[in-house]
Amino acid sequence: MPNIHAAIDIGSNTLRLLIAAPPGAGTPRRDICRTHRIVRLGEGLHESGRLSDAGMDRALAALTEFSRLIVEHGSNLADTHAVATAAMREAENGQAFRRRIERETGIRVQIIEGEAEARLSLAGAAAVLRPDTRSDMLLFDIGGGSTEFIRVRDESLVDAVSRKLGVVRLVEAHLSSDPPSAEDYQAMVRAADAHLAEVAAGWPDGRAPRHLVGTAGTVTTLAATHLDLYPYDLARINNLRMSRAEFTALRDRLLAMTHDERQAVRTIEPGRADLIVAGLAIIDAILARWSYPGLIVVDAGLLEGAWLETSS
């Protein structure tokens with residue numbers, strides 16, 4: 001049996017697990033188990049500065065399940081590459097929770113900084129993107145607590161910026177109406193654009209790359225909703241092109257719905273009905289600031305990048 005490697009992405013909103021066998025001579029990586037749980041670990045963090053008891057309990061329940069799956073599928077808990085992002089690195093009790101995870105589940109977690117998060121996201125996405133795309137692209141990775149912006153030229157990293165711009169943060173700060181009011185939505189767009197201005201200010205050459213590429217659950221959920229793709233099929237999502245007109249039509253349709261109506265859309269899993277509004281606002285702001293005609297979607301990022309490090 002080939003070596004089986006596992007990786008876990010502990011995000012502010014979603015926990016994801018990948019167990020896979022490395023590629024062989026002429027054969028691709030073989031995914032054995034891929035799953036995720038929406039736990040909202042970062043819920044309330046921007047107000048309290050701490051991870052809530054409820055959020056930690058939900059995360060621990062998911063990680064306990066992940067540890068069982070890792071063992072069942074023949075991988076080693078000690079070798080699992082588990083990385084935690086914005087919620088755990090910002091919370092006062094993030095390190096204490098890291099120790100609790102290891103004590104209760106056997107999973108050793110590494111809390112990574114924003115630059116490392118961006119590097120892993122790029123490695124994961126680049127593995128499945130077309131060469132012409134990754135030759136000149138801006139990759140953005142929307143999370144619950146942060147968004148990473150990565151410029152790539154000639155398939156090499158130019159720079160990477162992590163901003164405290166996440167869908168959980170935006171919803172908690174600005175979404176108080178149902179359906180979303182124009183005022184609430186524009187407040188989210190303005191908040192996102194303020195972060196984008198800081199991103200652009202940090203580009204010495206001031207140059208926006210040719211291609212815009214989005215990854216992570218918010219973007220892939222929007223892509224699946226655009227296609228009405230159910231059940232989900234990542235092969236149809238990877239390298240999907242969505243024009244600005246198609247995005248705008250999807251945005252307008254979703255913003256006209258109530259929370260319950262969005263949750264009833266079969267491509268929007270439980271727990272994303274409100275967060276998808278914030279995701280729309282972030283993408284809207286990105287398209288407008290840099291005048292992109294659309295975006296390319298990829299279902300590969302931080303988790304896949306973390307897995308690549310286990311097998312290298």
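**Figure 1. Helices and strands of the predicted chain.** The chain has 14 helices and 11 strands. Helices (H or I, at least four residues) and strands (E, at least two) are DSSP runs, numbered from the N terminus. This is a predicted model: local features need pLDDT of at least 70, side-chain atom pairs count only at pLDDT 80 or more, and totals for chains, interfaces and linings use all residues. Residues are numbered from 1 along each chain as its sequence is written, and side-chain values use heavy atoms, with hydrogens and water left out.

**Figure 2. Overall dimensions and surface.** A compact globule of 312 residues would have a radius of gyration near 20 Å; the chain agrees, because its value is 19 Å. That radius is taken over C-alpha atoms, and the globule rule is 2.2 Å times the number of residues to the power 0.38. Along the principal axes, the C-alpha atoms fill a box of roughly 50 × 45 × 40 Å. The accessible surface is about 13000 Å², and carbon and sulfur atoms account for 49% of it. Areas come from the Shrake-Rupley method with a 1.4 Å probe; for residues, only the protein chains shown count as cover.

**Figure 3. Burial and contacts.** Of the 312 residues, 54% are buried. Buried means under 20% relative accessible area, exposed means over 50%, and partly exposed lies in between (1.4 Å probe, protein chains only). Take the contacts between residues at least 6 apart in sequence: 70% of them join residues at least 24 apart. A contact means heavy atoms within 4.5 Å.

Figure 4. The structure holds 1 aromatic pair. W203 and W290 form this pair, and it is stacked: 5.0 Å centre to centre, with 25° between the planes. The pair links distant parts of the chain, 87 residues apart. W203 sits in the loop between α8 (182-201) and β9 (211-215), while W290 belongs to helix α13 (residues 275-290). Both W203 and W290 are buried. Rings of Phe, Tyr and Trp (its six-membered ring) pair if their centres lie within 6.5 Å; planes under 30 degrees apart count as stacked, over 60 as edge-to-face and the rest as tilted.

**Figure 5. Two cis peptide bonds.** P179 lies in the loop between α7 (167-174) and α8. Another cis bond joins Y230 and P231, again with omega about 0°. P231 lies in the loop between α9 (217-227) and α10 (234-237).

Figure 6. E155 is not a glycine, yet its phi is positive, about 65°. E155 lies in the loop between β7 (147-153) and β8 (156-163). Its relative accessibility is 46%, so E155 counts as partly exposed. S291, also a residue other than glycine, has a positive phi near 55°. S291 is found in the loop between α13 and β11 (294-298). With 57% relative accessibility, S291 counts as exposed.

**Figure 7. The surroundings of I150.** I150 is part of strand β7. Its relative accessible area is 0%, so I150 is buried. Leaving aside neighbours within four places in sequence, I150 is in contact with A118, S121, L122, M137, L138, L139, L157, D159 and A160. The C-alpha atoms of I150 and P209 are separated by 9.9 Å, and these residues are 59 apart along the chain.
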